[in-house]
Amino acid sequence: MARVLKVATASAVGLFPRLQTPVPTVRTFSTSLSSHQVAGPVWNLGQLNHVAVAVPDLEKAKAFYKNVLGAQVGETVPLPEHGVSVVFVNLGNTKMELLHPLGNDSPIAGFLQKNKAGGMHHICIESRRMIFQDRGELLFHQVDNINAAVMDLKEKKIRILSEEAKIGAHGKPVIFLHPKDCGGVLVELEQV
Ligand SMILES: C[C@@H](C(=O)O)C(=O)SCCNC(=O)CCNC(=O)[C@H](O)C(C)(C)COP(=O)(O)OP(=O)(O)OC[C@H]1O[C@@H](n2cnc3c(N)ncnc32)[C@H](O)[C@@H]1OP(=O)(O)O
């Protein structure tokens, strides 16, 4: 859903400190947002949030990153709604997420059956809100980017692996895109 803000230049810059004048991305579309009305994606990819690795033995993997490589390794967090337990390894500019199956229907069970020693499971890319300037007026549209992404990707026949966004490991909405539609890589988009 689009929200419209009418603001003066100064307050726009104040509200959205990442924006410097002139506004870097300027597209024109009406207040009722639809991807039909926009030339490109209505959401904006940001940085790599994490690379996830599925592991058969979580404690062994934690010990490897902590004791052998000397990384900062977090606590094990069970996420039953995702069917996994996760551990984040802090790498400074990004993270690794160690994944281990939780429960009977874990979505990573099949992957670990095929890859007994574990392996790279998915990448997670941040998806930022995009702010639009309308017809040169100081009329800004804020897009709920995960819903915009869903709409845009469905039109482009990219399979989304859940009916709707779920809340991911960082408490933010996430969607997963089918690896066969993304060059063989399972892609998670996280709204930031
Ligand atoms: C907490 C949260 C967060 O970070 O915020 C998480 O990480 S949750 C992390 C866990 N959650 C998820 O992964 C949710 C989304 N994932 C899924 O829905 C599933 O894992 C699928 C991606 C659909 C795969 O499921 P499953 O292994 O049962 O399907 P499948 O055996 O039929 O696989 C279909 C084809 O995709 C390939 N395939 C399966 N998993 C893959 C992966 N991770 N990367 C690349 N390719 C993969 C298989 O080898 C197979 O290819 P061939 O046909 O060529 O043999």
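View 1. Of the chain's 192 residues, 40% count as buried. Buried means under 20% relative accessible area, exposed means over 50%, and partly exposed lies in between (1.4 Å probe, protein chains only). This is a predicted model: local features need pLDDT of at least 70, side-chain atom pairs count only at pLDDT 80 or more, and totals for chains, interfaces and linings use all residues. Residues are numbered from 1 along each chain as its sequence is written, and side-chain values use heavy atoms, with hydrogens and water left out. The chain exposes about 10700 Å². Carbon and sulfur atoms supply 56% of that area. Accessible areas come from the Shrake-Rupley method with a 1.4 Å probe; for residues, only the protein chains shown count as cover.

**View 2. Secondary structure and contacts.** The chain has 4 helices and 12 strands. Both are DSSP runs numbered from the N terminus: helices are H or I with at least four residues, strands are E with at least two. Among contacts in the chain with a separation of 6 or more, 58% join residues 24 or more positions apart. A contact here means heavy atoms within 4.5 Å.

**View 3. The aromatic pair.** The count comes to 1 aromatic pair. Phe 64 and Tyr 65 form it, edge-to-face. Their ring centres are 5.0 Å apart, with 75° between the planes. The rule: rings of Phe, Tyr and Trp (its six-membered ring) pair if their centres lie within 6.5 Å; planes under 30 degrees apart count as stacked, over 60 as edge-to-face, and the rest as tilted. Phe 64 is partly exposed, at 39% relative accessible area. Tyr 65 is buried, at 16%.

**View 4. Salt bridge Lys 156 to Asp 152.** The structure holds 2 salt bridges. Each needs a side-chain nitrogen of Lys or Arg within 4 Å of a carboxyl oxygen of Asp or Glu. Here Lys 156 pairs with Asp 152, the closest N and O atoms being 3.0 Å apart. Lys 156 is partly exposed, at 47% relative accessibility. Asp 152 is buried, with a relative accessible area of 4%.

**View 5. Salt bridge Asp 181 to Arg 159.** These two side chains meet at 2.9 Å, N to O. Asp 181 lies in the loop between β11 (173–177) and β12 (186–191), and Arg 159 in the loop between α4 (145–155) and β10 (166–167), so the pair ties together parts that are 22 residues apart in sequence. Asp 181 is partly exposed, at 24% relative accessible area. Arg 159 is also partly exposed, at 42%.
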